[in-house]
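Hi,

Here is the model I promised to pass on.

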Amino acid sequence: MDNKDTAHSHLLSFLNAIPPVDFWCVYGSTLHSTDPGKSTMVDYILGVSDPLQWHSENLKMNADHYASWMVLLGGAKLITNIADKLGVGVHFNPYVTWNDKMLKYGVVRMHDLIQDILNWERFYLSGRLQKPVNMLVDNLDIETINSVNLRAAMSAALLLLLPKFTEEDLYAKICSLSYMGDVRMLFAEDRNKVKKIVQGQFDLFQSMYKPFLEEYEGLWLTSDSLAHIFPSSNC
């Protein structure tokens with residue numbers, strides 16, 4: 001078994017330690033890490049039909065995943081209410097230790113996930129899914145539904161770009177959409193974060209967006225705009 005298979009097996013092993021989910025993806029630096037022993041936070045998004053029921057079950061299995069004050073003051077009901085009424089519909093459990101790895105996972109209602117993908121209602125998870133992810137569980141075919149989100153992200157990026165741009169410029173603009181208005185980018189985040197994400201996962205961005213980019217070829221983009229992406233374009 002090679003490093004990638006080992007890493008994949010490690011990710012899937014966590015599934016047996018939590019209640020069933022309808023959607024599960026991993027995102028972030030783990031996507032291009034081939035060293036399962038590397039000390040890197042593994043980031044998950046979990047989609048479930050009923051967060052209240054899911055958290056109730058998970059508290060019985062993994063109470064140590066949650067902040068102690070949440071467990072003591074209200075349990076699953078408090079956790080769900082905070083996510084729905086004060087947050088963006090997602091509850092995160094960070095700094096979870098599993099098999100000598102550090103995990104962070106967010107739990108979202110499947111209905112809310114789909115609405116955000118289709119309508120950008122909160123533009124939170126839809127923004128994350130505009131960047132490369134690895135979908136490990138996809139019972140409701142979110143990968144297909146997300147094509148609406150990817151096409152919309154590309155359309156928005158093309159409207160914001162200068163007339164001439166490179167393929168990397170395009171992916172950087174798409175990646176930056178979800179950070180617009182994020183005050184953390186002013187002082188807490190690396191100013192080069194977007195550039196590092198795109199350069200580190202360029203091939204993944206390309207596999208995600210090249211089919212949609214080809215749809216635009218010959219429609220309304222000029223040959224100058226596409227010069228660095230489709231060198232042989234005759235549009």
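(Buried means under 20% relative accessible area, exposed over 50%, and partly exposed in between, with a 1.4 Å probe and protein chains only.) Trp120 sits in the loop between α5 (110-119) and α6 (125-128), and its phi is positive, about 55°, although it is not a glycine.

Some ground rules before the rest. This is a predicted model, in which local features need pLDDT of at least 70, side-chain atom pairs count only at pLDDT 80 or more, and totals for chains, interfaces and linings use all residues. Residues are numbered from 1 along each chain as its sequence is written, and side-chain values use heavy atoms, with hydrogens and water left out.

On confidence: pLDDT is the predictor's confidence in each residue, from 0 to 100. The chain averages 85, and 79% of the residues score at least 70. Over residues 231-235 the pLDDT is below 50, and this stretch has 8 contacts in the model beyond near neighbours in sequence; contact means heavy atoms within 4.5 Å. Where pLDDT is low, the predicted coordinates should not be read in detail.

Now the overall picture. There are 11 helices and 5 strands in the chain, taken as DSSP runs numbered from the N terminus (helices H or I, at least four residues; strands E, at least two). Of the 235 residues, 42% count as buried. Among contacts between residues at least 6 apart in sequence, 61% join residues at least 24 apart.

The sheet

The 5 strands form an open, mixed sheet in the order β3-β4-β2-β1-β5. Two strands count as paired if DSSP finds at least two bridges between them. At the edges stand β3 (90-98) and β5 (133-138), each with a single partner strand, so one side of each has no neighbour in the sheet. From one strand to the next, the twist averages 20°.

β1 (residues 23-27) is joined to β2 (residues 42-48) by 5 bridges, and the two run antiparallel. On that side, Val26 stands opposite Tyr44, and Trp24 has Leu46 as its bridge partner. Another 5 bridges join β1 to β5, again antiparallel, with Phe23 opposite Asp138. How many of the 5 residues of β1 are buried? The count is 5 of 5. Phe23, Cys25 and Tyr27 point one way from the strand, while Trp24 and Val26 point the other way.

Out on β3, Tyr95 is worth a click. Tyr95 has a positive phi, near 55°, in a residue other than glycine, and it is exposed, with a relative accessible area of 63%. Most residues other than glycine have a negative phi.

Helix α2 (residues 51-62) lies across β2, β3 and β4 (101-109), running at about 150° to β4. (Axes are lines fitted to C-alpha atoms, for helices over the stretch in contact, and angles run from 0 to 180 degrees between N-to-C directions.) Asn62 belongs to this helix and is buried, at 10% relative accessible area. Leaving aside neighbours within four places in sequence, Asn62 is in contact with Ala17 and Ile18.

The cores

A nonpolar core here is a set of buried Ala, Val, Leu, Ile, Met, Phe, Trp, Tyr and Cys residues joined through side-chain atoms within 4.5 Å. The largest has 23 residues, of which Met154, Leu170, Ile174 and Tyr209 touch the most other members. α7 (142-160), α8 (167-177), α10 (193-200) and α11 (202-216) each supply at least two residues of this core. A second, separate core of 21 residues includes Val26, Tyr66, Val96 and Val137.

Not counting residues up to four places away in sequence, Ile174 touches Gln130, Ala153, Met154, Ala157 and Tyr209.

Last, Phe202 in helix α11 is partly exposed, at 25% relative accessibility. Phe202 touches Glu167, Glu168 and Tyr171, again leaving out residues up to four places away in sequence. The C-alpha atoms of Phe202 and Ala172, 30 residues apart along the chain, are separated by 9.7 Å.

Cheers
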